Amino acid sequence: FSISFSLNLCYLFCFDWSWLGWARPAAGCCEMSRPVLKILFGTQTGTAEMFSRKLGKEAQRRGWKVEVVDLMDYEPPEKFLQESFALIIVATYEEGSPPDAAKDFYTWFDSLQPSAVQLPNLTFAVFGLGDRTYVNFCKIGVDTFARLKDLGATPLCPLGLGDSNAKIENDFAQWQQTFWQALEAKYPG
């Protein structure tokens, strides 16, 4: 009863009644419907961390609650199974390996079997970083996106890929536009 009642009050007080000439709801009203943006990064040279922190600051500016976490510090990895939203920004090192700092997480993550683990309550986004001169360009990002879909998680937006051998900042900026549009459409606020 109390959860339903709270949600109904949220609807009553936060719904945009301006079409009746009433005041618009306060910014941030009903934030309980917005998940914490968990931004997880795996970096080798620091670029994935830089992008993660930049996106985290932008999210805070837009009124989101944010946690930016290095995959090296994300312990135990099993807590990932409880997340409702995860944005993973991860580099591919050399010929298709995860960054050194993210190897433990990916050893665990790669062991998950879709027949045993499903993540239907997880919405996710992935931006992969790599170098097109390598055969396995952005392999870790591509594999993460595919594995999450196999585990029943819902992608928020298309996979983003950045080429460190070109203009990776432009790749990230372009993908961010798609990410923000999809995020704010799913969780208006």
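**Cut-offs and conclusions in a predicted model**

The accessible surface of the protein comes to about 10,400 Å², with 53% of that belonging to carbon and sulfur atoms. This is a predicted model.

Reader: What is the overall layout along the sequence, and how many helices and strands are there?

Author: Five helices and six strands, running in the pattern α-β-α-β-β-α-β-α-β-β-α. As for burial, 42% of the 189 residues are buried.

Reader: Why is Cys157 called buried?

Author: Buried means under 20% relative accessible area. Cys157 has 6%, so it counts as buried. You'll find Cys157 in the loop between β5 (154–155) and β6 (160–163).

Reader: And which residues does Cys157 touch, leaving out those up to four places away in sequence?

Author: Phe124, Ala125, Phe145, Trp175, Thr178, Phe179 and Ala182. Contact here means heavy atoms within 4.5 Å. There's also Trp180: 23 residues from Cys157 in sequence, with 9.2 Å between the C-alpha atoms.

Reader: How do you know that the buried residues of α3 line one face of the helix?

Author: Start with the list for α3 (residues 103–110): Phe105, Tyr106, Trp108 and Phe109 are buried. Looking down the axis of α3, these buried residues fall within an arc of 160°, so they line one face. Over on the other side of α3, Asp104 and Thr107 are exposed.

Reader: What do the buried residues of α3 pack against?

Author: Two elements: β3 (85–91) and α4 (139–150).

Reader: What makes Glu94 partly exposed?

Author: Buried is under 20% and exposed is over 50%, with partly exposed in between. Glu94 has a relative accessible area of 44%, so it is partly exposed. Glu94 belongs to the loop between β3 and α3, and its phi is near 50°, a positive value in a residue other than glycine.

Reader: Which residues does the cis peptide bond join?

Author: Glu75 and Pro76, with omega at about -15°. Pro76 is in the loop between β2 (66–70) and β3.

Reader: One last thing: what share of the contacts with a separation of 6 or more links residues 24 or more positions apart?

Author: 76% of them.

How values were computed: Residues are numbered from 1 along each chain as its sequence is written. This is a predicted model: local features need pLDDT of at least 70, side-chain atom pairs count only at pLDDT 80 or more; totals for chains, interfaces and linings use all residues. Side-chain values use heavy atoms; hydrogens and water are left out. Helices (H or I, at least four residues) and strands (E, at least two) are DSSP runs, numbered from the N terminus. Buried means under 20% relative accessible area, exposed over 50%, partly exposed in between (1.4 Å probe, protein chains only). Accessible areas come from the Shrake-Rupley method with a 1.4 Å probe; for residues, only the protein chains shown count as cover. The arc is that of the directions from the helix axis to the C-beta atoms.
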